Amino acid sequence: MNTRLHADLVLEGGGVKGIALAGAVSTLEERGFQFRRVAGTSAGSLVGALVAAGVRGDDLHTLMRGIEYPKFRDPPSLYRRLGPIGAVGAVVAHKGWCKGDALRTWVADILRERGVSTFADLPLNDAGAASTLKDDEDRRFRFVAMVSDLSQGRLIRLPWDYRSRFGVKPGEASVADAVRASTAIPYYFRPARCPDKQSGRDAWLVDGGMLSNFPIDVFDRSDVEPRWPTFGIKLSGDPNVNDINGVVSLSKAMLSTMTGFYDRLQTIRPDVIARTIVVATDGISATDFDLSRADAERLFENGRDAAARFLDGDDQRPAWNFENYKRRFRQPWWTQPGSQAA
């Protein structure tokens with residue numbers, strides 16, 4: 001196996017901005033990279049599932065550009081007719097305005113066309129994997145969706161946590177269901193629910209971005225040398241600046257601070273910066289389901305350009321070089337300057 005152009009991918013969430021992820025993926029593919037494992041949050045899980053299922057760059061572009069985002073808004077007709085009052089009523093009654101069925105069906109149909117229904121259809125066939133991974137059958141899959149579990153206040157990784165949390169064999173679980181849970185923007189979509197074998201109650205599952213929108217370290221191992229890189233694709237490079245001018249904006253700023261603190265700690269680390277492709281998505285909201293075709297195309301091209309700059313380098317950073325990355329950041333601790341091996 002030629003591992004020089006293999007890579008794992010971690011895709012940040014960002015709602016409708018996910019088409020920018022597709023643009024970056026297409027450039028990486030054109031440069032010869034093949035993706036072994038893919039993890040994603042929210043929109044990143046949607047794109048990641050398609051990439052793991054073998055959807056190539058050109059087809060991915062066509063699919064993402066062709067999404068009719070307004071169709072993902074699928075509140076029951078009663079609540080739709082009542083306007084804002086109906087939206088409030090849907091949230092009170094069902095914990096979310098939209099059902100999320102349209103989004104799940106869209107993902108499921110595309111995956112089915114590629115022969116993918118359950119995680120068993122996305123096996124990680126890797127004879128060179130470390131023995132600890134070979135022995136962990138719950139992790140031998142090509143795709144991981146990050147989901148926030150409101151019931152226990154923690155991040156869960158599907159399918160890795162299906163057996164321990166829900167008593168479900170990972171290979172039998174639906175990939176589209178995992179994406180549906182990861183994309184459940186709180187209050188916008190109804191939470192996904194799954195019986196929790198530990199508590200005996202339903203677990204309430206929502207957008208993984210509540211706890212980690214950019215889980216760049218999900219595939220990292222400290223006990224073995226990486227055979228190929230993990231690339232992160234991030235949809236915004238600049239930290240959010242919260243404009244506070246009242247109670248509502250103060251509440252939003254508090255929520256943003258609480259939910260984004262962990263990721264901001266991650267993304268200032270030099271080893272994360274060195275392997276992250278940052279795509280400009282200025283002026284586009286994650287829930288802008290009326291996104292124009294022109295804006296969608298701009299996001300896609302921004303993704304392509306960002307990946308090219310990452311690989312080739314520019315005046316801000318050198319060209320990507322995996323060997324240099326390993327020398328800087330992945331040397332065993334006992335080889336680092338100043339360390340004392342036992």
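Author: Start with the whole. This predicted model has 13 helices and ten strands. The protein has 342 residues, and 48% of them are buried. Take the contacts with a separation of 6 or more: residues 24 or more positions apart account for 72% of them. The protein exposes about 16,800 Å². Carbon and sulfur atoms supply 52% of that area.

Now the hairpin. Strand β7 covers residues 192-195, and strand β8 covers residues 202-207. The two pair in the antiparallel sense, over four bridges. Between them sit six residues, and the whole forms a hairpin. Gly200 belongs to the turn and has a positive phi of about 80 degrees. Across the pair, Ala192 of β7 stands opposite Leu205 in β8.

Why does Cys194 count as buried? Its relative accessibility is 16%, and the cut-off for buried is under 20%.

The structure holds zero of them. Another cysteine, Cys98, also counts as buried, because its relative accessibility is 0%.

Lys197 is touched by Arg163. Arg163 lies in helix α8, residues 162-166. Leaving out residues up to four places away in sequence, Arg163 also touches Glu137, Asp138, Val168, Lys169 and Pro170. Arg163 and Ala173 are ten residues apart in sequence. Their C-alpha atoms are 9.9 Å apart in space.

The peptide bond from Leu158 to Pro159 is cis, with omega near 20 degrees.

Two other loops deserve a check of backbone angles. Ser42 is in the loop between β2 (34-41) and α2 (43-52). Ser42 is not a glycine, yet its phi is positive, about 55 degrees. With a relative accessible area of 4%, Ser42 is buried. Lys95 lies in the loop between α5 (83-94) and β3 (96-98). Lys95 is also a residue other than glycine with a positive phi, near 65 degrees. Its setting is partly exposed, at a relative accessible area of 39%.

Last, the nonpolar interior. In soluble globular proteins, nonpolar side chains tend to be buried together. Here the largest nonpolar core has 78 residues. Which of them touch the most other members? They are Leu9, Met64 and Ile233. Take Leu9, leaving aside its neighbours within four places in sequence. Its contacts include Val25, Leu28, Phe35, Val38, Val51, Phe219, Phe231 and Ile233. Arg37 and Ala39 are also among them. A second, separate core has ten residues, including Met146, Phe214, Ile216 and Val272.

Methods: Residues are numbered from 1 along each chain as its sequence is written. This is a predicted model: local features need pLDDT of at least 70, side-chain atom pairs count only at pLDDT 80 or more; totals for chains, interfaces and linings use all residues. Side-chain values use heavy atoms; hydrogens and water are left out. Buried means under 20% relative accessible area, exposed over 50%, partly exposed in between (1.4 Å probe, protein chains only). Two strands pair if DSSP finds at least two bridges between them. Contact means heavy atoms within 4.5 Å. Accessible areas come from the Shrake-Rupley method with a 1.4 Å probe; for residues, only the protein chains shown count as cover. A disulfide is a pair of cysteine sulfur atoms within 2.5 Å. A nonpolar core is a set of buried Ala, Val, Leu, Ile, Met, Phe, Trp, Tyr and Cys residues joined through side-chain atoms within 4.5 Å.
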